[in-house]
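Q: Hi! I'm new to reading protein structures and would like to go through one with you. Could we bring it up and start with what the words mean?

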Amino acid sequence: MVENKPRTGYRALGVYLGLVVVPVVVAIILLARGDDGDIVATAKTPSGPSLAQLLLAIAVVVGVCKVAGWLAQRIGQPAVIGEITAGVLLGPSVLGALWPSGAAVLIPPSVVPQLNVVAQLGVIFFVFLAGLELNTRLLRGRGRLALVVSHVSIALPFLLGVGLAMLAYTRFAPPGGGFLPFALFFGVSMSITALPVLVRILHEIGLFRSEIGVVTLTCAVVDDVTAWSLLALVIALTTASSLFGVVLTVLLTAAFVALLGLVVRPLLRKLVTRVPVASLQKAAPLSVVGVLVCAMATEWIGVHAMFGAFVFGVVFPRDNPIATWLHDKAGGLTTALMLPLFFAYSGLRTDIGLLSGGGAWLWCGAILLVAVAGKFGGSALAARAVGENWNRSLQVGALMNCRGLTELVVLNIGLDLGVLSPTLFTMLVIMALVSTAMAAPMATWFARRDGQNVVNFLDRTSERAAA
């Protein structure tokens, strides 16, 4: 028997009114009265930047970095140069000077620290992936070259930097800053090779898995360890702590490396060889925890989070489902989103307007000249002295002269500690940008002269223009 449709409709309406409309009305009345009978509660103002502001800033920074990176490739530079330059354009040097109100809306100062937190995560995972791809087998028989080049590329620039600091101290040192921390910091800034940026450059010119690429990366790792150790000394002197803390930092770093190399590495190898592939694929996300723990450990030691991530990448087994998962999942997001934020971060703190007058620019030129002479010249001479031909020696020198990311990290620390003045910080950022921009074209040119198979930026630029 078919039920009467009008009666069914009235019943549905009654149920809707009784079980939906009436409960909603009663709930509204109860909520409106509250405890004190107030209809509208007083809104609380958030203490920090809103999520919308942060998302807008990330979108602006990443978008500008990608456009600038594309333009940099069009003129024969790796994309990272454009990404670093994008930060300068978005900071007080360009956008802040030409459109202050727009800069305050797009990237408010309160958002910059949060951008830095996201950027630091990007650097940590990028450096881990770089260590994971590093083929240390190519170093066999090349240890002497790596040892000599790395030590010369630190000692000579450091000496030249300290000498230049003696002349620059009275003019550019912050008020109340001591000469010893200032000179040490100047020397460290001249001695750095940027490992993450060097990895990207080697990838883009096709030399990452080459013999010269591996040797240069090894030298850069030694440089980074030494730079962070020297930086710990500067921090100890600046904060008036004892030198015992510096010794402790070095010992703890050595213990960390030994733990990963002698204990963690064999355990990971057993894991990937004995556990079924299906189980490894399910456990792959846990590797992210390992990266973060190692980064946390070296950050706590006082070296830097990226060093721990890199060492963990070096000891991590290759050619297994976990490594493949990390490349596929973490690699794309890191390169596309988080890493450009770090390249842009220092540019947001750089104000080229501080270099007013010809004298400041002459000093900037002198800093660049000393930096290139010490790093490029010293590395090339060292490589030639241990048996490399001139083309390969100059190629090593050009790559070791890349300062980029690590230099920017150190400079930001110096600015935060009050060891560097904003004017000197700007000069050193310009030096880092120019010396990094020199690396890819010069390394490509010397490699082609030596008969190595590399990607030529100028040829690629011509092909894109023709297309």
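A: Happy to! Let's begin with one word: two residues are in contact when they have heavy atoms within 4.5 Å. Keep in mind that this is a predicted model.

Q: Why does L339 count as buried?

A: Its relative accessibility is 0%, and buried means under 20%. L339 therefore counts as buried.

Q: How far apart are the C-alpha atoms of L339 and E83?

A: They are separated by 9.2 Å, although L339 and E83 are 256 residues apart along the chain.

Q: New topic: is N116 buried or exposed?

A: N116 is buried, with a relative accessible area of 17%. You can find N116 in helix α6, residues 112-133. Leaving out residues up to four places away in sequence, N116 touches F342 and Y345.

Q: What about G245, where is that found?

A: G245 belongs to helix α11, residues 244-274. At 29% relative accessibility, G245 counts as partly exposed.

Q: What classes of residue does the lining have?

A: There are eleven nonpolar, five polar and three charged residues in the lining of the second largest pocket.

Q: Last topic! How many residues has the largest nonpolar core?

A: It has 108 residues, and those with the most contacts inside it include I107, F186, I367 and L424. Helix α19, residues 422-449, provides the largest share of this core, 14 residues.

Q: Which residues does I367 touch, then?

A: Beyond residues up to four places away in sequence, I367 touches L164, F186, M190, L424, M427, L428 and M431.

Q: And what does the second, separate core include?

A: That core has 27 residues, among them V272, V291, F316 and L326. As background, nonpolar side chains tend to be buried together in soluble globular proteins.

Definitions and conventions:
Residues numbered from 1 in each chain as written. Predicted model: local features only at pLDDT ≥ 70, side-chain atom pairs only at ≥ 80, totals over all residues. Heavy atoms only, no water. Buried < 20%, exposed > 50% of the residue type's maximum accessible area, 1.4 Å probe, protein only. Helix = DSSP H or I, 4+ residues; strand = E, 2+ residues; numbered from the N terminus. Nonpolar A, V, L, I, M, F, W, Y, C, P; charged D, E, K, R; others polar. Core = buried A, V, L, I, M, F, W, Y, C linked by side-chain atoms within 4.5 Å.
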